Every structure is written in C-alpha cells, then in structure tokens.
Amino acid sequence: MRYTVKNSILLVAAVIVSACACAKEPGSQNTGNPGEIAGNTTVKITADKTSVLRNPLTGWVMYVSGTADPSYFDTKVSVPDLGKEVYVRDYASACYIRTGWKNLNPSKGKYAWEDPSSSIYKLVKRAEELGLPIAFRVVVDGRDQRENTPQFVFDDGAEYWLSDSKFPDRKTPLAIDPIWRKHYETFVKAFAEYFNDPKKTAFIDAYGLGKWGEGHNVCYEQNNAITSKTSEYKAETMRWITKLYADNFTKVPLVINYHRQIGHPISEGKNPQPDSETVLQIAIDNGYCLRADSFGMNNQDWGYNDWEKAYVQKWLYKLPVLMEGGWIVSSHSYWNDPAGYRKGHPEDVRKGEFDSSMEAHVNMMDFRVGDETKSWFENAYEYVERFISEGGYRLYPTQVSFPTKAKFGDKVTIAHSWANLGWGFCPVNLPQWNYKFRVAVALLDSNDNPVKIFVDEQTDLSQWLKGNITSYKTEVEMKGVAVGGYSWAVGIVDTTRDNEIGIRLAAASKYQTESGWVRVGTVSVSAR
C-alpha cells in the first residue's frame, strides 16, 4: 500500500500506513463479501447504470475527419426516442481522427499540430476544450484516396507503386523501402513527442499500412506482387513498425486491426493466411491491443468472418477490443449481407454490430461521421444506451464498511467490495498503463478535498469481471490526522498523476464529489 499526503493544515504529523487483506498476503483480493467488521458501519452503494462516464479506453468514440472544421464537434442529432436533439460529443469518451500522413506532416519538419492555421491543430485544441482525448490512425497508402504519404518523401527517392496511371497523385509507398522508412521514423518520433500523453490521447491505431490503413492489401513490391519473399516482408515490417510505435508511445495504448489477411498484399478471401496469427503476435508482444474494422459485416470473403470471431475469443479479458462497423448504411448494399438485414432498415445493421460487439466483449464502439452517427441515434438509440450501460467496463463499489469514530493513532479497518457492470474489462495490464490505476481510500475535508489518500498497490482492476464481486480489507493507522470531522471516500486514482481520480465510478450521483471521489460516510477523529 502506498500513501499520499496532500498539503493541508489538518496534517500535523508523519503518516504511517499499513494494509492487510482477508487472505494471508497483504493487499490481496478475494471474491465475495468482505464480511462484517465489529464497530463499523456498512453502506451499500447504489449503482449508476446510465450516465456517460468518459473513462479511458471504454465507451463510444466520435469520429472526425482530419480536414473537418472544429464546428463538427457541435453536431446535433435527432433522437426520436427522446423527442429532442442531442450533441454527439456528450456521448463520447474519445475522438478518432483517421487521416493521411501528408495531412499531419505536409512538408519536411513541419507538423500540423504545431500550425494554428491547420485543421488538425484546431480539432485537437477543440477536443481538449471539450475534455475529449484524441485517437489517431495515420494512413500512408494512396490507393482509393489522394496521396497520403508526403511528396517530399518521394522527392527524396522513396520507391512507390502507382496502381492507376490516371491518378498520378495516388502513390503507394513500398513498405520495405529504406528512404520511406527513414522519413516515417522521423515523423513517428515527432508525433509521439506531442501525443504520447494520456491526457491528450486515448489511443493510437498504430499500423496504418494497406488500403485505408486497415492492415490488409499491404504493398511491398511493385505491382503489389506476392512473391517468395512476401512472408518474410510481412513479419519484418510488423516487427519494425510496431517496435517504432511502442518505443515512442510509451504512455498511450496502441491498437492493431486483427484481420485474417493482416499485412498481406490481398484483402479478400475466406481463408486466413497461414501466418496471420504469427504476424499479429508480433504486435501483441510489442504491447498492442486489438481492433477490427468490419463488425456487423458478415460476408465470408471480405467481412468479419469466422476467423476473426474465433481469434478474438482467445484474447478475452487479456486484451481490450475496439470495434468499427463495416457497412456504410447510406451507400452500401447492406441488405445483401448473409445476416439478412432488411433493405431500408439500417437499425438491422446497428443491431448486428451491437450483437457482434457483445460477443467480442468490446470496450469501445464507433460513431462514424455523417449518416452512420445519425443512424445510431435516429434508428437504434436503444443500442446507444445499452452500450453505455452494458459495454466496456463500468466499475463501482458495491459496499464499504468503515468506522464512524477513531482516535489519533488508532488502527482502523476499511472493507470494500467492487463490481464491474460491463461486459469488457479495465485493461490496467497494458504495458503503457502498467497498473497505474489503483483503488484508494481517502479522508475528505468539509470541502470534499482529500487531506489523506491511501493507495492499495495490490488491487488489479483487470480481474474485475462482470458477475463477480471482489473484496478487500485494509487496515490503516490514523496517526497524523488532526482532531475533527471527515468523510470517508473511495475512488480509483491514477498513481502517475499525484493520485488524482483516474477512473470515474458508476456510483449514484448522491455519493459523488465533483472530482470523482465516492463519499460513503463520516468519521470523527478525537485525541487519544
């Protein structure tokens, strides 16, 4: 257990903190009820099952084009179920920008996030104002889009393939080209210098090769050829690019698209490449978690097929999963999907995406721009609400047992039990987080400011799974607490940020302080 002493005139002496759990090992956790403690008062906490909590790596993601005006954050959509319009941003935990490398790095040494006149700069600043951390995917492939790799890279001699001579600005760099890689390494290092900050950045979709940056149809040789060297190129490229991101983004989660053709020069095909799991394992070994871009798209040749569904189950509660829907209901013939979606019924697609997300236990779902977002709110709002209540992780203390009276120097016992209402999990096991989120018990003054915080270093939030209760008993010495009245509170703190609240709890509002502590009762401290 670790403790933190806040600056306060109420603290008059050194603090001695000790902890013991129900089990033999200090700080260990048990499943079940912590039991009654003689002399303590036990409070059962009412859960909040509906509020948007905006916690790290869980919840809805608002998509924004990298060239959009910041006013896009002011987008309202109609919700017939509510009989009113709402801001999309109020439902989101993060903002996702999928954009070209060229848009972020238009010329050598120049970066959009440093240029106040650029769309990226304005979007990032507006997102910060709204408390929405940014997520990025950097696309480099020019097929089906305009050029995504900056021209200065090709001017320096990087080799590329032009898939259609009618579009000379749609160059696709060869992923093994050393000149292209040298410039990309420079970019990623500069990118991380600014965005390797969990306050700014939710996650980085950190592969970005192939069509749309989705990780398939990756080009290594001219004419996008498949040769005897392709398997070697796939593995070597995966090692290079994932290590590059992992070495530079040390504090922000990294994700990769799990796809049966990952890293391969083709996109379609029911059968996976024999080395797909091996290639993905390279990314996972470098600290990546999982994402897929075709949820709800059931075509076996190019959709989210049996391979992806089976693969993700192997990582259940080990790695968090992020989803993106496959169908664009405003432009795709989604009614031809094997799932039997009805023409003119986009709500069928939304349900299909939701059901697949529930099966994969995803932590995050997507509000893509335009009609896709409108469809969620206008046609399938029940699933918007259900994911808020049921999806990702949603943590709260079910009950807390505490003393209401104590004397200076007393050793008191706090018992607390915790639950996860969501189908996902809180991935504190990610190397970029390294268990930085921990349970803490605090004494609050009359203004709800913590004057003393006790942090339990043994608590592992990644083990809190839906349907289980995890309980702890902690003993602390009250030495150092001035005579007077306090409130007991519990919370989940970020130990890398002076133990400020790091995760908002799903406790009813009557318990919550503005900063996110959950008050459970009072204690009167007297002299010995």
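1. Axes are here lines fitted to C-alpha atoms, for helices over the stretch in contact, with angles running from 0 to 180 degrees between N-to-C directions. In this predicted model, the axis of helix H9, residues 371–379, and that of helix H10, residues 381–390, come within 5 Å of each other and cross at roughly 95°. Because angles of 65 to 115 degrees count as roughly perpendicular, H9 is described as roughly perpendicular to H10.

2. On the H9 side, the contact between these two helices is made by Trp376, Phe377 and Asn379, while H10 contributes Tyr381, Tyr383 and Val384. Sorted by class, the residues of this contact are 5 nonpolar and 1 polar, with no charged residues.

3. Arg438 lies in strand E19, which covers residues 437–444. Its relative accessibility is 11%, and because buried means under 20%, Arg438 counts as buried. The Arg438 side chain reaches the backbone oxygen of Tyr435 at 3.0 Å. When neighbours within four places in sequence are left aside, the contacts of Arg438 include Asp456, Glu457 and Asp460, as well as Gly491, Ile492, Val493 and Thr495.

Notes
Residues numbered from 1 in each chain as written. Predicted model: local features only at pLDDT ≥ 70, side-chain atom pairs only at ≥ 80, totals over all residues. Heavy atoms only, no water. Helix = DSSP H or I, 4+ residues; strand = E, 2+ residues; numbered from the N terminus. Parallel < 35°, antiparallel > 145°, perpendicular 65-115°, else oblique. Contact = heavy atoms within 4.5 Å. Nonpolar A, V, L, I, M, F, W, Y, C, P; charged D, E, K, R; others polar. Buried < 20%, exposed > 50% of the residue type's maximum accessible area, 1.4 Å probe, protein only. Polar contact = N/O pair within 3.5 Å; in protein donor to acceptor, adjacent residues only side chain to side chain.
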